[in-house]
Amino acid sequence: MTVRVVAISREHGAGGEQVGALVAERLGFRYVDDEIVAQAAARGNINHAEVADAEKRRSLALRLIEQIGRASTPAYAAPLAANTVAREQYQDLIREVVIETAAQGSAVIVAHAASIALADRDDVLRVLVVAPPKVRAERIAAEGDVELGQASKIVKDSDADRRSYFKRFYDVTEQPTHYDVVVNTG
């Protein structure tokens, strides 16, 4: 198998971005992450922040609570329904850009569930970067202005958001078998 694309999924705090940057450098490939959202926004002639928001891995319950909190009247169902349609369009744009980026080859794509979007391609190496929750929380605390307890909550919330993201975008429950390689940076 000739690898033209490396798709890296990662748990928050596991160091997937750093792994991706090193792999891209060693292979002489492009490193692609935030560029996916920027291209999707440009393609859809949509505000970058709106597309980035659509990709946020929030559960339906959280989105409902946010809508209720923003609603000035009890009629919050219509904005939620319109927002859901827009989010689906943004998700389609993100998937399209991931697929087109892979078609160009010589790329390391980090995040955006690229491993799932590109599952049917034989020229993609799918990598999952993980680390134990405690290690991830310690890294997050060390990198930011966050107490360890708050960092642990960030890890827990991020993991839940990740599960929700895979379900919403691809209707799958992420499994290690979705990947060719699982790297534990712990």
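Helix axes are lines fitted to C-alpha atoms over the stretch in contact, and the angles between them run from 0 to 180 degrees between N-to-C directions. This is a predicted model, in which local features need pLDDT of at least 70 and side-chain atom pairs count only at pLDDT 80 or more, while totals for chains, interfaces and linings use all residues. Residues are numbered from 1 along each chain as its sequence is written, and side-chain values use heavy atoms, with hydrogens and water left out.

**View A. Crossing of helices α2 and α3.** Helix α2 (residues 34-44) and helix α3 (residues 48-55) cross at roughly 120°, and their axes come within 8 Å; helices here are DSSP runs (H or I, at least four residues), numbered from the N terminus. This angle makes α2 oblique to α3, a class left over once angles under 35 degrees are taken as roughly parallel, over 145 as roughly antiparallel and 65 to 115 as roughly perpendicular. The crossing is right-handed, the near helix being turned clockwise from the far one by less than a right angle. Val37, Ala38, Ala40 and Ala41 of α2 meet His48, Val51, Ala52 and Glu55 of α3, where contact means heavy atoms within 4.5 Å. By class, this contact has six nonpolar, one polar and one charged residues.

**View B. Packing of helix α7 on α8.** Helix α7 (residues 133-143) packs with α8 at an angle of about 120°, the two axes lying 8 Å apart, and α7 is therefore oblique to α8. The crossing in which α7 passes α8 is right-handed. From α7, the contact takes in Pro133, Arg136, Ala137, Glu138, Ile140 and Ala141, and from α8 Leu148, Ala151, Ser152, Ile154, Val155 and Asp159. Eight of these residues are nonpolar, one is polar and three are charged.

**View C. The second largest pocket and its lining.** The second largest pocket has a volume of about 180 Å³; a pocket is an open set of points on a 1 Å grid, where a 1.4 Å probe fits, with protein on both sides within 12 Å along at least five of seven lines, and lining residues have an atom within 4 Å of a point. The lining consists of Glu11, Leu128, Val130, Asp159, Arg162, Arg163, Phe166, Val172, Thr173 and Glu174. Two or more lining residues come from each of β4 (124-130) and α8 (148-170), and α8 gives the largest share, four residues. The lining divides into four nonpolar, one polar and five charged residues, with Ala, Val, Leu, Ile, Met, Phe, Trp, Tyr, Cys and Pro counted as nonpolar, Asp, Glu, Lys and Arg as charged, and the others, Gly among them, as polar.

Technical notes
Grid points are joined across faces, edges and corners, and a volume is the space filled by probe spheres set on the points.
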